[in-house]
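Colleague: May we go through this structure together, one question at a time?

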Amino acid sequence: MSLNKEQKEKYYHTTFLKEIKEEGQEKLLSSKVIVIGAGGLASSALTYLASMGIGNITIVDDDKVSLNNLPRQILYTYQDIGEYKVEVAKRRLEMLNPDVKVSIYKEKLTSQNASRIIKGHDIVLDCTDNFETKFLIDDTCHTLNIPFVIAGVSDYQGQVSTCLPHKSKSFKSLFSTLPINIEQKYKDEDQGVYPPVIGLISDIAISEVVKYLLGFKDLLIDKMLIANLKTNDFKIIKFPQ
Amino acid sequence: MRLIVDSVSSNEYPAHFSIADLLRKMDVEAVPWLIIAVNGQFYKRDKFEETLLNDGDKVDLIYVRGGG
């Protein structure tokens with residue numbers, strides 16, 4: 001598929017990059033990316049993925065837009081309160097870029113539906129808000145052999161890591177004991193989030209997705225980028241051997 | 001012994017001091033999603049007791065985030 005005249009103009013500044021060119025943009029337009037979650041990280045990530053012309057985007061979330069989402073979930077407005085996030089996101093993203101086809105699942109990712117939903121995509125972007133689903137994505141992507149980028153935020157800090165199943169360490173490998181059963185205990189005291197850290201972390205995460213699709217080698221594999229916007233501390237830590 | 005913990009350097013640490021000792025001293029050993037990096041390398045929880053820190057080690061306490 002070659003870029004048409006309008007696409008050549010639209011994606012001019014991306015295709016001007018010598019590592020991407022028109023061939024790279026064509027690759028992005030034929031790519032299939034699935035984003036799990038449609039909250040803060042996803043709002044920002046989806047906007048860029050669609051703007052950049054990722055041709056096929058799938059979104060999975062069962063939540064509706066609420067008032068306290070608006071300061072950090074930039075895809076939604078006051079008029080969207082009460083609507084399903086995936087429906088609003090589909091409408092908005094397809095308006096943002098008609099080159100993009102958005103598919104939606106108005107359901108929570110579970111062990112029963114994860115394989116069926118994730119299968120067939122080139123890469124998964126985790127934008128969920130809990131460890132349980134992150135570990136489910138990790139397991140499912142290993143089974144299906146689909147790469148994934150995992151992201152998380154809380155208070156002023158966030159992290160991003162990329163996993164190529166069977167070639168790199170998994171997110172789960174960081175933990176000797178999985179922190180899912182005791183997560184609820186800490187949830188109430190761990191809910192604050194500084195909105196700019198969401199934009200920062202989601203931008204790094206979608207950059208990983210796009211670089212993977214384009215065949216870039218310098219990804220966050222077997223390592224994790226950690227950013228703290230309170231202290232302006234950025235670090236990359238290697239996974240355990 | 002001198003350790004640099006979350007970018008703060010201090011000489012107050014005794015010799016033969018493990019990662020687990022450090023976490024107990026800081027009262028954070030029970031936080032389930034806390035992982036530790038020593039000189040840029042992650043250590044899993046099951047290595048905390050046996051891993052002794054050395055003079056000058058740089059220790060980062062990483063609270064892995066689940067929020068989205």
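Modeller: The questions below concern the contact between the chains and the nonpolar cores of this predicted model.

Colleague: How much area do chain A and chain B bury between them?

Modeller: The size of an interface is often given as the accessible area lost when the parts come together. Here the contact takes 35 residues from chain A and 20 residues from chain B. Of the buried area, 60% lies on carbon and sulfur atoms, and the total is about 2300 Å².

Colleague: Which residue of chain A forms a salt bridge with B:Asp60?

Modeller: The rule finds 1 salt bridge across the interface of chain A and chain B. A salt bridge requires the nitrogen and the carboxyl oxygen to lie within 4 Å. For B:Asp60 the closest N and O atoms are 2.9 Å apart, and the partner is A:Lys235.

Colleague: Which element gives the largest share of the side of chain A that touches chain B?

Modeller: Elements that give two or more residues to this side of chain A include helix H4 (40–51), helix H7 (131–144) and strand E5 (148–154). The largest share is 4 residues, and it comes from E5(A).

Colleague: By class, how many residues on that side of chain A are nonpolar?

Modeller: The side of chain A that touches chain B has 7 charged and 12 polar residues. Its nonpolar residues number 16.

Colleague: How many residues are in the largest nonpolar core?

Modeller: In soluble globular proteins, nonpolar side chains tend to be buried together. Among the residues that touch the most other members of the largest core are A:Leu109, A:Phe171 and B:Ile36. B:Ile36 touches residues including B:Leu23, B:Phe48 and B:Val59. The number of residues in the largest nonpolar core is 47.

Technical notes
Residues are numbered from 1 along each chain as its sequence is written. Chains are lettered from A and ligands numbered from 1 in the order in which they are written. This is a predicted model: local features need pLDDT of at least 70, side-chain atom pairs count only at pLDDT 80 or more; totals for chains, interfaces and linings use all residues. Side-chain values use heavy atoms; hydrogens and water are left out. Contact means heavy atoms within 4.5 Å. Buried area is the accessible area (1.4 Å probe) that two parts lose on being put together, summed over both. A salt bridge is a side-chain nitrogen of Lys or Arg within 4 Å of a carboxyl oxygen of Asp or Glu. Ala, Val, Leu, Ile, Met, Phe, Trp, Tyr, Cys and Pro count as nonpolar, Asp, Glu, Lys and Arg as charged, and the others, Gly among them, as polar. A nonpolar core is a set of buried Ala, Val, Leu, Ile, Met, Phe, Trp, Tyr and Cys residues joined through side-chain atoms within 4.5 Å. Buried means under 20% relative accessible area, exposed over 50%, partly exposed in between (1.4 Å probe, protein chains only). Lists of a residue's contacts leave out its neighbours within four places in sequence.
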